[in-house]
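Hi,

Here is the structure I promised you. My notes on the ligand and its surroundings follow below it.

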Amino acid sequence: MQTLRASKCGLSTAQLPSSILDVIDALTKAGYEAYIVGGGVRDLMLGLNPKDFDAVTNATPSQVKEVFGRRCRIIGRRFELAHVYSGRELIEVATFRAPPKKAVTSAAGMILRDNNWGTIEQDFARRDFSINAMYYQPRKGIVLDFCNAYEDIKAKKLSLLGDPMLRFEEDPVRMLRTLRFAAKLNFSIDQSILDVFTPETAQLLRDVSPHRLYDESQKLFTMGHLNRVMPMLIEFEIWHQLFADIQPNITPFIERAAKNTDQRISIGKTINPAFFYAVLLWKPFLERCEFYAKKGVVAAEARAQAGLDVLKRQATRTVIPRFAETFIREVWEMQTRLLNPKPQQIEALSGHARFRAGFDFLLLREKSGDQTTQGMGVWWDTYQTLSTDEKERAIADYNRQRAKGRRKGATQEDIKPLHQVQQAEIEPLVNEPEPRSRRARKAKQQADFKAQAVNGGNDQITADHPILKRKRVKRDLSTVIFGPTQ
Ligand code: ATP
Ligand code: MG
């Protein structure tokens, strides 16, 4: 073990937010050891802006709770942690961990529960990469380095602690972390890792829950180097483990979207990680639409069903949360609306909550050479820059073009009569699927009634109407006569 002077490694308390210092100080004052560990220390040493700071201590989660009282919540089962709120920030405080006991690993060697408290030496050994295992005590101005991590930082090299094969078996997600850090930090991967990182090893990811894989995929999408990591996912045959039906082929559209995502992150803009899923799944979605079209299903229905199918298949690898699924389907549905908008809906469409994402998607398609957008990406791009008068003219021009097209039989969309133009409403982009749980269904039903009452739909029934409060009576089926339709 070597003790480094923090100042020699480019670290100083001035770089730290008061929240992490507050946590370290409070634990120290209560008589515990406390350090900053992980990505925060690593990134500061590399001159990067850390995403967050994690703390580690010899206090158990319940002792941490005693120190911080109501500012602290204990979370996690597989991996118990204390969440401490400091001002508006949240700091994760982990307890030193010893190697897990045999009984809590799966047949494949995967760690299922990891709450065996230990010493700092044991704690360091169970971290993943050397560069993630440095312990920084900011008040003492020292960094404890148990594994020559600082040398790896200088050599820009990723080394796993311990035997790489064993470490991948314990937690296959470390393979994803290897590629993520290699791409994010532009580090090389140590030969001992490359030796075992085979397509067979990649298959270990099959045992990881699709929920955890979704979280990891989000981290890959939002780290700012998506474009660099994608070829690596293909090279190491991780791609198939993450994406069910997406060909391991970086199309111009995917590449452009990835670059765009990275650029947005580099200038501090927000991104919605579900957007990149919408990009990745676009081709499978179109193919599925085609499949239904060939069966003679009406276009709108084919799109709805195709969207559901594609997302369901993807959920076998990464479970996309419901709100993100809805976002993705809405972005896809927007493509149809934006490609062939009804003239009287154009202005309303441009104010739609999903317009921005749908338009960005359309423009990315167009700029990456997709001619099926028929130039509508640029049309909308220009439209948004016009004055009200110019917009009216643009719509009139568009309308004429559209009518010409219709005369040629290009489109069969119906145009609303003029008296409806003023209040042109846009139908919902996708119909929200029914909530899964009974309680959620009931809440939705009540909310729907409420909305109906507000809209004057049925002003007799409100959310607290007795009809909604009645208990379901269980019918005795032996007394029910089943008719032909039942
Ligand atoms: P970043 O937050 O920039 O993505 P990080 O290194 O801080 O990177 P976290 O996921 O926040 O990553 O984890 C914090 C620390 O916990 C890591 O630096 C590492 O020491 C340890 N750690 C996290 N995940 C694992 C894992 N799967 N196996 C072993 N150690 C891990
Ligand atoms: Mg972190």
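Helix 7 gives the shell around ligand 1 its largest share, 5 residues. Helices here are DSSP runs of H or I with at least four residues, strands are E runs of at least two, and both are numbered from the N terminus. Bear in mind that this is a predicted model, where local features need pLDDT of at least 70, side-chain atom pairs count only at pLDDT 80 or more, and totals for chains, interfaces and linings use all residues. Residues are numbered from 1 along each chain as its sequence is written, chains are lettered from A and ligands numbered from 1 in the order written, and side-chain values use heavy atoms, without hydrogens and water.

There are 17 residues around ligand 1 (a heavy atom within 4 Å), and Arg42, Arg127, Asp171, Arg174 and Arg180 come nearest. By class, the shell has 13 charged, 3 polar and 1 nonpolar residues. Charged means Asp, Glu, Lys and Arg; nonpolar means Ala, Val, Leu, Ile, Met, Phe, Trp, Tyr, Cys and Pro; the others, Gly among them, are polar.

On polar contacts (N or O pairs within 3.5 Å), a ligand 1 nitrogen is 2.8 Å from a side-chain N or O atom of Arg174. Oxygen atoms of ligand 1 are 3.0 Å from a polar side-chain atom of Arg177 and 3.0 Å from a polar backbone atom of Gly39. The protein covers 84% of the 580 Å² of accessible area that ligand 1 has on its own (Shrake-Rupley, 1.4 Å probe).

Where does ligand 1 sit? In the largest pocket, meaning more than half of its atoms lie within 2 Å of the grid points. A pocket is an open set of points on a 1 Å grid over the protein atoms alone, where a 1.4 Å probe fits, with protein on both sides within 12 Å along at least five of seven lines; lining residues have an atom within 4 Å of a point. Helix 7 gives the most to this lining too, with 6 residues.

Cheers

Terms used: Polar contact = N/O pair within 3.5 Å; in protein donor to acceptor, adjacent residues only side chain to side chain.
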